[in-house]
Amino acid sequence: MSLHRRALLQLAAAAGMAVPVTARAAQRQSLADPFRLAVDEALVESGLATHLQRRFGRDTGVAMRVQPGPARELLEALGRGEYDGALLNTPQAEEVLDQQGLLRGRQPVATSEFLIVGPTLLRSALDALGAQAQVVSALSALAKAGAPFIGAKPGSGTHELESVLWRAAKVAPLPPWYRPSASRDALTAAREGRGCALVERGVWAAASAVLRKDREFGVLVEGDPMLRVPVHLMRAFHHDHPAGKLLGDWLASRAGRQAMAALPAYRPLAP
């Protein structure tokens, strides 16, 4: 028995399939029609999407094409059937589409954590307020101080969470201290402009060494449960690519959880 065949059998057993029929069907279809997975930009920039794409392909032989973009745009396109599946971090927007019956098999696969980063000279003030692990208090203090804050790209998973946090802090983010994101990424804009930003931990971990080792720019707030967001896999309702169910089963299997755990920024869900 080949190593590849053995891997398929092991995956089938771990996923609860009697025989790897789904895997064979997915392999055949993916040769001509790769599984189209829409992924929020943060989950691509962090390296998560590429990592899962490679490990899934290695374990199953199924081809998958990753399409990055702002989560809300991708979600709407998934609802229209333009993609086969999606890996997103926008639970509120997803719930709306799910209730409309436009999603299939939505399942949580991991937890993502966010950070507030900015000029390190702000740490002492936040520490004095006990706000280094209290994101609502930290945002309120930053707003009162007029500290520059670079907004996340509209439609992204980061932007959805940012909106939730501003509402919780009872702060209306407005100019001049609040600067909506332009075409460039908020992390780079914040560092160059010495402002603050909400950033996914995986994106921060994947940032260049120069960015992360800048002593004047770093993590200001982390560890608050409000900064944790579930990452969901979901499939399009309009058509059901055979690789979709296989991907979900793989992510829930030991192999999938180990692949997820290989990136410290993400916590795979317990079996």
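**An enclosed helix and its partner**

Modeller: In this predicted model, the buried residues of H13 are Ala243, Gly244, Leu246, Leu247, Gly248, Asp249, Trp250 and Leu251.

Colleague: What makes H13 largely enclosed by the rest of the structure?

Modeller: A residue is called buried when its relative accessible area is under 20%. Eight of the 11 residues of H13 are buried, and therefore the helix is largely enclosed by the rest of the structure.

Colleague: Why is H4 called roughly perpendicular to H13?

Modeller: Helix H4 (residues 48-60) packs on helix H13 (residues 242-252) at an angle of about 100 degrees, and the axes are 11 Å apart. Angles of 65 to 115 degrees count as roughly perpendicular, so H4 is roughly perpendicular to H13.

Colleague: Which residues make the contact?

Modeller: From H4 come Leu52, Arg55, Phe56, Asp59 and Thr60, and from H13 come Ala243, Leu246, Leu247, Trp250 and Leu251. Sorted by class, the contact of H4 with H13 has seven nonpolar, one polar and two charged residues.

**The nonpolar cores**

Colleague: What makes a set of residues a nonpolar core?

Modeller: The residues must be buried, belong to the nonpolar kinds such as Leu or Phe, and be joined through side-chain atoms within 4.5 Å. The largest such core has 26 residues, and those with the most contacts inside it are Ile116, Leu139, Phe149, Leu198 and Val221. Strand E4 (103-119), helix H8 (135-145), H9, E7 and strand E8 (217-221) each give two or more residues to this core. H8 provides the largest share, six residues. A second, separate core of 24 residues includes Ala110, Val231, Ala243 and Leu251.

Colleague: Which residues does Leu198 contact, leaving aside its neighbours within four places in sequence?

Modeller: Leu198 is in contact with Phe114, Leu115, Ile116, Phe149, Thr158, Leu161, Glu162, Leu165 and Leu227.

**Backbone features in loops**

Colleague: Why is Lys170 called exposed?

Modeller: The cut-off for exposed is over 50%. Lys170 has 78% relative accessibility, so Lys170 counts as exposed. Lys170 is placed in the loop between H9 and E6, and its phi is near 55 degrees, a positive value in a residue other than glycine.

Colleague: How many helices and strands does the protein chain have?

Modeller: The protein chain has 14 helices and 10 strands. Buried residues make up 50% of its 271 residues. Among contacts with a separation of 6 or more, 77% join residues 24 or more positions apart.

Colleague: How confident is the predictor in the chain, by its mean pLDDT?

Modeller: The mean pLDDT is 87, and 87% of the residues reach 70 or more. Over residues 1-19, however, the pLDDT is below 50, and this stretch has 28 contacts in the model beyond near neighbours in sequence. Where pLDDT is low, the predicted coordinates should not be read in detail.

Key: Residues are numbered from 1 along each chain as its sequence is written. This is a predicted model: local features need pLDDT of at least 70, side-chain atom pairs count only at pLDDT 80 or more; totals for chains, interfaces and linings use all residues. Side-chain values use heavy atoms; hydrogens and water are left out. Helices (H or I, at least four residues) and strands (E, at least two) are DSSP runs, numbered from the N terminus. Buried means under 20% relative accessible area, exposed over 50%, partly exposed in between (1.4 Å probe, protein chains only). Axes are lines fitted to C-alpha atoms, for helices over the stretch in contact, and angles run from 0 to 180 degrees between N-to-C directions. Angles under 35 degrees count as roughly parallel, over 145 as roughly antiparallel, 65 to 115 as roughly perpendicular and the rest as oblique. Contact means heavy atoms within 4.5 Å. Ala, Val, Leu, Ile, Met, Phe, Trp, Tyr, Cys and Pro count as nonpolar, Asp, Glu, Lys and Arg as charged, and the others, Gly among them, as polar. pLDDT is the predictor's confidence in each residue, from 0 to 100.
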